[in-house]
Number of protein chains: 2
Amino acid sequence: MTPKTEDLLRRMRAGERVALAKLMTLVENREAETAEVMSTIHGQGDAMVVGFTGPPGAGKSTLVDQVTRLLRGRGKTVGIVAVDPSSPFSGGAVLGDRIRMQDHFLDPGVFIRSLSARGSVGGLARATRDMTRLLMAFGKDVVIVETVGVGQSELDIMRLADSVVVVLVPEAGDTVQAMKAGLLEIADIFVVNKADRDGAARIKVELEQMLQLRPPRGWSVPVLTTTAVDGTGIEALVDGIEAHREHLRSSGEGEARGVAGREDEFLAVLRDEVTRRIERGVRRDSLGALLADVKSGRIDPYGAALRVVDDEEVVAAVLRAGSR
Amino acid sequence: MTPKTEDLLRRMRAGERVALAKLMTLVENREAETAEVMSTIHGQGDAMVVGFTGPPGAGKSTLVDQVTRLLRGRGKTVGIVAVDPSSPFSGGAVLGDRIRMQDHFLDPGVFIRSLSARGSVGGLARATRDMTRLLMAFGKDVVIVETVGVGQSELDIMRLADSVVVVLVPEAGDTVQAMKAGLLEIADIFVVNKADRDGAARIKVELEQMLQLRPPRGWSVPVLTTTAVDGTGIEALVDGIEAHREHLRSSGEGEARGVAGREDEFLAVLRDEVTRRIERGVRRDSLGALLADVKSGRIDPYGAALRVVDDEEVVAAVLRAGSR
């Protein structure tokens, strides 16, 4: 590791926000030292990681805002990773939310980082995990991961959270959509936000009925109601999150999730690192004439790729060329 | 290749739709023979590949529907790959569109395949490219790739098209958003759909002004207007697409795109194939104690991954274990 990066790590551990931000940028851009940095900070900190997801317009940001306020009131420090995997055409609200969140900007106990699909090399799920780990190493008590929308990438992102809060609103079809989206499987807590609107009681009952159809799992998923704009229900939500953390600890489920998570993470890092080296290696001409034959169309891309992976020495040469 | 797959390829080439559908499923699921199948069919067919993208609600599906109808009227066969990378919460319309498209279902000259993020192993861009290649090998004259939304994954998807049609509607902010989304760079043809609404003329002028600010590129991007629901402007759109194809041919730009595309495709296939073998190899215990140490937390995932990639023999052993 370069002395500069070592210095950043030292200053980050000493609580310097600027050093944390610089390390985040280094890691998000997948610079050469990324894996070393992540390896160094691994396992540092003991933050509770809470994911918030749900459809656009469910009021997740306002909810996260209120939860943050309450946690700060209880003396906890908070890190927020706000993930926007959506297209620029639907992303307008996020920017506004982030501006609003600047309420917390002057509070040294809160650190907010936004991630978007366009800015992240190597995938949002990975960048989110890395940012979360950095916030943990920075010493935050709670790290909140917030995603807009609920496609496959958001489900992947939520896998890193200890507790997943799924936020819905009293609107027709939401519960069915939530089921289709796989949210029923990942939710540790359901929140019906904007509970002052018509239909809140109905959607709560629907969710509870759907949850009863599932085989019991040790933790009974609560369906809470909140009105984020005026703070109603936030205290019960934070209590619910803490109860779930306690359940993870006492039941051993937290440890089981940790084992699966570490294996996933290892595979993801291995995949990314090999991919990165292959791309660099190929660009550095380690394949000689083969690449020229691909470009000219003399050999088809699939056949050429098979020829490379089936030859151990060629793979080794490409990886070597891409390793530094 | 197994005799069964060889038989599918033979029947697909003979025009059997069921065989094509089965090969698509095999490839989409990344079954073991995928690379061989794709290598075998590579370069077959001579379809014009046209991409349609733009924000949700722009009427892309109706437009594709009308373009398909017109192409059929001109005696051309059409394949459609309808890609939905969006979350299930915004995906409702797509299903409806696909049902509507069943108009064409009884027409043997049209083949429609839908892809969604949830169903595709190994990425939507790759699955889209593979489905397009299969439709080309099947002998379609035109393959239309339609995506909902315009995030990074959609831009990647559009790179495989010979001609990209960007569809907008007369709504405030659309042109600015289109610029932010990178659509100005990828559009070969702009369409202002729902041109009977207020503001259509204004957005057309705005787009034309923005296009004039760009350095000239040989092809002058037209801004067309359509009203897809009643078919207005469809004929001019199809003529525009054919003119663009002619430009690609005569200017040599088509060949240049082909070279870049083949290199991209080679890298993507190489990456996917190595990744797939690594995952399989790791699951087959080729790492021995290391994986156990990762799971137990004795070694951190990043450090473990670095240890693997930095050791050529270990990488080779993992790839070997995952190769069959």
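This is a predicted model: local features need pLDDT of at least 70, side-chain atom pairs count only at pLDDT 80 or more; totals for chains, interfaces and linings use all residues.
Student: Which residues of α1(B) meet α2(B)?
Tutor: From α1(B), B:Leu8, B:Arg11 and B:Met12 take part; they meet B:Ala19, B:Leu20, B:Lys22 and B:Leu23 of α2(B). By class, this contact has 5 nonpolar and 2 charged residues, with no polar ones.

Student: At what angle do α1 and α2 of chain B pack?
Tutor: Helix α1 (residues 3-13) and helix α2 (residues 17-28) of chain B pack at about 130°, and their axes are 7 Å apart. The two helices, α1(B) and α2(B), are therefore oblique to each other. The crossing of α1(B) past α2(B) is left-handed.

Student: Changing topic, what is the strand order in the sheet of chain B?
Tutor: The open sheet has 7 strands with parallel pairing, in the order β3-β2-β4-β1-β5-β6-β7. Its edge strands are β3 (110-116) and β7 (223-225) of chain B, each pairing on one side only. From one strand to the next, the twist averages 20°.

Student: How many bridges link β6(B) and β7(B)?
Tutor: There are 3 bridges between β6 (residues 189-192) of chain B and β7(B), in the parallel sense. B:Val192 has B:Thr225 in β7(B) as its bridge partner.

Student: And what is the mean pLDDT of chain A?
Tutor: The mean is 85, and 86% of the residues of chain A reach 70 or more. Over residues 87-97 of chain A, however, the pLDDT is below 50. The model as a whole scores ipTM 0.76 and pTM 0.74.

Notes. Residues are numbered from 1 along each chain as its sequence is written. Chains are lettered from A and ligands numbered from 1 in the order in which they are written. Axes are lines fitted to C-alpha atoms, for helices over the stretch in contact, and angles run from 0 to 180 degrees between N-to-C directions. Helices (H or I, at least four residues) and strands (E, at least two) are DSSP runs, numbered from the N terminus. Angles under 35 degrees count as roughly parallel, over 145 as roughly antiparallel, 65 to 115 as roughly perpendicular and the rest as oblique. A crossing is left-handed if the near helix is turned anticlockwise from the far one by less than a right angle, and right-handed if clockwise. Two residues are in contact if their C-beta atoms, placed from the backbone, lie within 7 Å. Ala, Val, Leu, Ile, Met, Phe, Trp, Tyr, Cys and Pro count as nonpolar, Asp, Glu, Lys and Arg as charged, and the others, Gly among them, as polar. pLDDT is the predictor's confidence in each residue, from 0 to 100. Two strands pair if DSSP finds at least two bridges between them.
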